[in-house]
Amino acid sequence: MTILVTGILLGGTYALIAMGLTLQYGVARIMNLANGETFVAACFIAFWLFTAYHINPLLGLLVIAPLAFVVNGAIYWFLLKPLVDRAKNRGQLEVDSILATFGLLFLLQGLMILGFGGAYFSYTFLAERFVILGSAYGLNRVVAFAVAAIIAAALYVYLFHTRQGTAVRAVAVDPTSANLVAIDVARTAMIAFALGGALTACGGALLSTFYTFNASMGVVFTMKALIIVIMGGVGDVRGAVIAAMVLGITETAVATLIDPGLTLAATYALFILVLMVRPQGIFGRQQS
Amino acid sequence: MTRLTTEEIRIGVIGAVVVALVALLPFFDNGFYLSLTVNIMLYAALCTAWTLFSGPTHYVSLATAAFFGIGTYAVGLGIDHLPFPVLVGVGAVAAALLAGIVGAATLRISGVYFVVFTLGLAELVRQLVSWSQSKFTGRMGLYVFTDIREMHILWMLLALTVVVFLTGWLINRSRLGFAMEIIGNDETVAKHSGIDTARAKILLFMISGAFIGIAGAIMAPRYAYIQPPSAFNPMISFLVVIMALLGGTKRLWGPLVGVIPFTILMDIVSSRFPNHTYIVMGIAFLAIVYLLPNGVTGRLEQLRERLRHRQPKPEAVSEEKPA
């Protein structure tokens, strides 16, 4: 039971970064391997705001999310859109965007290592007991999960109940057809990419409240997010949430029952299982 | 296409001369230049083996570190029980098996899954190795003591590179090579002409993986003390991708053009500005995508085409990925 709750609480943060990635890949068609760096950068900004200015990380989100939105939007518009325009087919865009985002990954990671070194950082925020069903959990984890849930709900409303959100979903299904019904595909893709970055940054800022982080852990989170996205079905926000919970629970179970050093092995086992059984994702439809 | 063309003979002669020159190097220098040449040879072997698979298929494989580490570990685990050449063979087979499993799981579906999967593969194998080591043997590292010295390693790597080249050349002349060319150009067409695309890709990936495993096994005596983080260093995978793409992957010798300058550059950067390695790698990736999408050799070929602009094109070079 403890495992289940801890896993779900962890899954909340994973859900945010995975939703960010699924928007970026599903709508903007960019497999953003530098997503984890946005995540880690948000950890550091939250840390810096909290330690230097005593700004509550939850309020810090109001700074971090718009900042990530703008930066990611600019990255898409100036760096990645030329690749989209240049690519002759989907396969080439995939290779190009993977290589370009690798470049960003190393560049950003290099800059952060230069700035902060390889040390681990953490700060104390709401480190109090919080009792759920007779067992105690860190209040910061519970709060992080609650905030993640609110953000996820807001995203759901945006995607399914607003005009612009519908446009985003239309581009995810088919960019060419979306263009035919007068949707500005390039602009929508940029918004989706920027929004994905903002969601990821929120995930990072929330994670930093209860997790020790360092400058070079971005890749690990990108990996996890990728696996969640593939498990949940590319571009599928609901699938990403459920897959994030599954991953959170599996990781916690393996870490507590077998060995904390084997969490990635557990993630991979899940990944292989998904690739073998349902490569189109939990809710995904069979592609022709 | 069974007989050797004059160009193939010419390339063969030039290659033999270069190999002979490199093989003689240990007799002139045993210090810095030998060690640098070993590094260059290592990456030459790795990049060529990588290009064997990733060149024609355009799949970006990041599994290099995993295969390499498996080769290293094969030697580390068996050095007290079996002779070194046997262990090199074991490393090759083990790496090929891993490649087969990974290929079977991912090469049937889209290329992105393949990249994602190989991205974490080295880390996965590393975790499994560290876990089983601490669980069953209770120590973290392995000692490899042999009388193999730096120059023997250079010769072995040189021989390996030659074998990789010969294999690549033979594959290009075989049915498998023809199948790969069609797959690289258009996978749907390949499927419709009766090619078992998944089988062809998996086979090629296994060949490439086996060679990388051998390279890892050869390097084991150089490390002397083998630990999971150094044997499964993910940087190897990324450096191989950068160097190969920098040189260009259309020709099998293309990666060499990237290997030599970049190995020297990384050597300088990691000794003088160790904190800037990541930044250099990031810039290299971005430069490849935005400035040299077909690598240096691709750019040179482009220039040559432009010079010949007025003449009628002599049998067009297969243009798979125009800039």
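A residue is called buried when its relative accessible area is under 20%, exposed when the value is over 50%, and partly exposed in between (1.4 Å probe, protein chains only). The structure is a predicted model, in which local features need pLDDT of at least 70, side-chain atom pairs count only at pLDDT 80 or more, and totals for chains, interfaces and linings use all residues. Residues are numbered from 1 along each chain as its sequence is written, chains are lettered from A and ligands numbered from 1 in the order in which they are written, and side-chain values use heavy atoms, with hydrogens and water left out.

The interface between the two chains was examined. Contact (heavy atoms within 4.5 Å) involves 43 residues of chain A and 38 residues of chain B. The buried area, which is the accessible area (1.4 Å probe) that two parts lose on being put together, summed over both, is about 3600 Å² for chain A and chain B, with 80% of it on carbon and sulfur atoms. On the side of chain A, the most area is lost to chain B by Leu99(A), Phe106(A) and Tyr268(A), which together make up 18% of what that side buries.

Side chains of opposite charge can pair when their charged atoms come close.

In chain A, Arg86(A) forms a salt bridge with Asp96(A), with 2.9 Å between the closest N and O atoms. Because Arg86(A) lies in helix α3 and Asp96(A) in helix α4 of chain A, the pair ties together parts that are 10 residues apart in sequence; helices here are DSSP runs (H or I, at least four residues), numbered from the N terminus. Arg86(A) is partly exposed at 24% relative accessible area, whereas Asp96(A) is buried at 5%. A salt bridge also joins the side chains of Lys81(A) and Asp85(A) (3.3 Å, N to O). Both residues lie in helix α3 of chain A, four residues apart, about one turn of the helix. Lys81(A) is buried, at 17%, and Asp85(A) is exposed, at 54%.

In chain B, Glu123(B) and Arg126(B) form a salt bridge, their closest N and O atoms being 2.9 Å apart. This pair lies in helix α5 (residues 111-137) of chain B, three residues apart, about one turn of the helix. Glu123(B) is partly exposed at 29% relative accessible area, and Arg126(B) is partly exposed at 22%.

Notes
A salt bridge is a side-chain nitrogen of Lys or Arg within 4 Å of a carboxyl oxygen of Asp or Glu. Helices (H or I, at least four residues) and strands (E, at least two) are DSSP runs, numbered from the N terminus.
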